[in-house]
Protein chains: 2
Amino acid sequence: MVTRKEVAELAGVSEATVSRVFNGLGPMKPTTKARVLEAASQLNYHPNAIAQSFARRRSGNLGVVLPYMPKVHLFSAYYFAEILSGIGEQVREQGYDMLLSLLKPDEDLDYARLYRSQKVDACVILGARDTPQQRESLQQLQEQGYPFCLVNQHFEGLAFHEVDADHVDGSYQAVRHLQEEGYRKIAFLNGSPEYSNSEDRLQGYLRAMHDAGLQTSHELLLEGNYSRKSGYEAAERLWSQREQVEAVFAANDRMAIGLMQGLREKGWVAGRDFAVVGCDDSDAAKLSDPPLSSINVPFYEMGKEAARGVLARFTQGERAEPSNVKLPTQLIIRQSSKSSSLT
Amino acid sequence: MVTRKEVAELAGVSEATVSRVFNGLGPMKPTTKARVLEAASQLNYHPNAIAQSFARRRSGNLGVVLPYMPKVHLFSAYYFAEILSGIGEQVREQGYDMLLSLLKPDEDLDYARLYRSQKVDACVILGARDTPQQRESLQQLQEQGYPFCLVNQHFEGLAFHEVDADHVDGSYQAVRHLQEEGYRKIAFLNGSPEYSNSEDRLQGYLRAMHDAGLQTSHELLLEGNYSRKSGYEAAERLWSQREQVEAVFAANDRMAIGLMQGLREKGWVAGRDFAVVGCDDSDAAKLSDPPLSSINVPFYEMGKEAARGVLARFTQGERAEPSNVKLPTQLIIRQSSKSSSLT
DNA sequence: TTGTATGCGTTATCAG
DNA sequence: CTGATAACGCATACAA
């Protein structure tokens, strides 16, 4: 490897000057700058990032923490790719790199490993759930002063940096849309309560029903676990009480699709015999039959904002107040929620 | 940050001894080892990974290169999550971390950036395509001695380390299956030729048709670009020559689903009026209606093997012969390819 | 505008 | 078995 020293010698300057050129520091004579650059390119010199990190005492890496996923099925391609792309874009704009950390099931407690080893300057944490262990771990992280930002998850009662989407409003829009399509008996298939989104969506659902002066009986409230299978199973329950249901709002696309599959087996076709709206606006929403109306979530922007915020906080060393960004969601209407679509 | 020095002082030994303890080097008296460990835990000492990298002159990072994805839609959740999980597992077993690099459209040439900056010791490259630029870039990488491994892509005529799946056999199985279901007029909807998989699948298709003594007219060969839309559009062409087609083998699930959607609009339902088999066995295959028969590809294992190989080569510094691992694929039969399924 | 000198936290080599 | 000590490649405060 060619080092700064060799460049300095070839250019006939000191090593410090070479550094200055490469870091754009201080005033300097254009000619010496040119000489250094010339020498560098001639030798094909590239600064050693590790050495830089070492000297600067910062890694230049943003950690991206992904949860353990039993069947890898929690995330859609959309979620995954979009958030990572958003983070990636921001990171590159700031000259950072992203270090990926896939948690193992028993590793909730080891959030701090990457920080301790100084491999990352800050972290974006994806897919966190509201469990006692995670609360504990995250609080520790914060106490230790490690900068991090949560994406798409809120911890009630704790003040973390978070970038979330307005799931309450999204759900409100969805239910509102169903009402406008003429449905009044609208069920809600929610997901696991350990995700704050679930509670948000419930709120949006209830508010929309309330605002429309509609009843929300206990029977209209179902719970799955965000898997297609749980949606499929919910179809059974819904079918048994089909007199009370005209439409369903599901907390994610996967469950919505499972639900449609289940009801189709009974003879009920979405968009004809009943209406469905999902959440996430994932790939699957476009691939399903009929195409699924859904709530679009700006994952790319969320990832980007999370990275921006957390790096800013690290760079400026500002121990800022926990910020709570919330990005807008948007209803995407497809055939699954239009009673006239298949006729 | 607490450093080795402080541990050494507290334990009453030299810094070198602390290092030996933490690296498990050389013989040493159990008592001093215990003293060091005690001091370390008391001070909550953790080695600085950056400093270690600097001193060892290796980063301890495996680079994972992802291609530029115009619409992020090239990869299914499956592909993405599975490969990354596989790499992640292997990497952790070897005490490495993974550095993610998202290429931008114009960055084909900058494959070497991460290596030059010494941020990674080796790379796994995903989603490469066979273009002149990429061939050029990869050859340069190899000439410069940077260890890397390609996943799911072969470059004919060039000897790179590659981990691939047996797409020829997978396709053979798929077409064979359709034949066994009684279909004889089997079309093939292929994807972009810049992915070696496409050529592999064509081979498998042709071989299966040939072995069965079936004709493969020009009309039976269609080409899309792996997008749902292109599959949807292919439906138009197929419909116009529906007399010549009873079944379709599509080079990925996305196109297969688009195809089913398109033909359904004409009144042809997969699994009833015609049969379809896709490729990748992605999430969408289970979510589609009817569920899509598909070729399962062991992405997890491919990622793991790629990481294992490339790290081994780096660690042992062995300039090994380019290896060409090929993992088996497997046909998964669902309703889309069974003529009796919907009756 | 540029050079000098010091330090960053390890690893690894060489004595003892 | 253990202790000195020289790298490692760069950033940066201080001088000039």
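Reader: Which polar backbone atom lies 2.9 Å from a phosphate oxygen of DNA strand C?

Author: In this predicted model, that polar backbone atom belongs to Lys29(A).

Reader: Which elements give two or more residues to the surface near DNA strand C?

Author: Chain A provides helix H2 (15–23) and helix H4 (49–56), and chain B provides helix H2 (15–23) and helix H4 (49–56). The largest share comes from H4(B), with five residues.

Reader: How many residues surround DNA strand C, and which are the closest?

Author: DNA strand C is surrounded by 26 residues, and the closest are Thr17(A), Arg20(A), Pro27(A), Thr32(A) and Arg4(B). Of the atoms of DNA strand C that come within 4 Å of the protein, sugar and phosphate make up 59%.

Reader: How do the residues of that surface near DNA strand C divide into nonpolar, polar and charged?

Author: The surface near DNA strand C has 12 nonpolar residues, eight polar ones and six charged ones.

Reader: What about the backbone of Lys29(B)?

Author: Lys29(B) has a backbone N or O atom 3.1 Å from a phosphate oxygen of DNA strand D. As for the elements, those giving two or more residues to the surface near DNA strand D are H2 and H4 of chain A and H2 and H4 of chain B.

Reader: Which element gives the most there?

Author: H4(A) gives the most to the surface near DNA strand D, namely five residues.

Reader: Which residues are the closest to DNA strand D?

Author: Of the 26 residues that surround DNA strand D, the closest are Arg4(A), Ser19(A), Thr17(B), Arg20(B) and Thr32(B). By class, the surface near DNA strand D comprises 12 nonpolar, eight polar and six charged residues.

Reader: And what share of the atoms of DNA strand D within 4 Å of the protein belongs to sugar or phosphate?

Author: Sugar or phosphate accounts for 57% of those atoms of DNA strand D, and the rest belong to bases.

Notes
Residues are numbered from 1 along each chain as its sequence is written. Chains are lettered from A and ligands numbered from 1 in the order in which they are written. This is a predicted model: local features need pLDDT of at least 70, side-chain atom pairs count only at pLDDT 80 or more; totals for chains, interfaces and linings use all residues. Side-chain values use heavy atoms; hydrogens and water are left out. A residue is near a molecule or strand if one of its heavy atoms lies within 4 Å of it. A polar contact is a pair of N or O atoms within 3.5 Å; within protein, one must be able to donate a hydrogen and the other to accept it, and residues adjacent in sequence count only if both atoms are side-chain atoms. Helices (H or I, at least four residues) and strands (E, at least two) are DSSP runs, numbered from the N terminus. Ala, Val, Leu, Ile, Met, Phe, Trp, Tyr, Cys and Pro count as nonpolar, Asp, Glu, Lys and Arg as charged, and the others, Gly among them, as polar.
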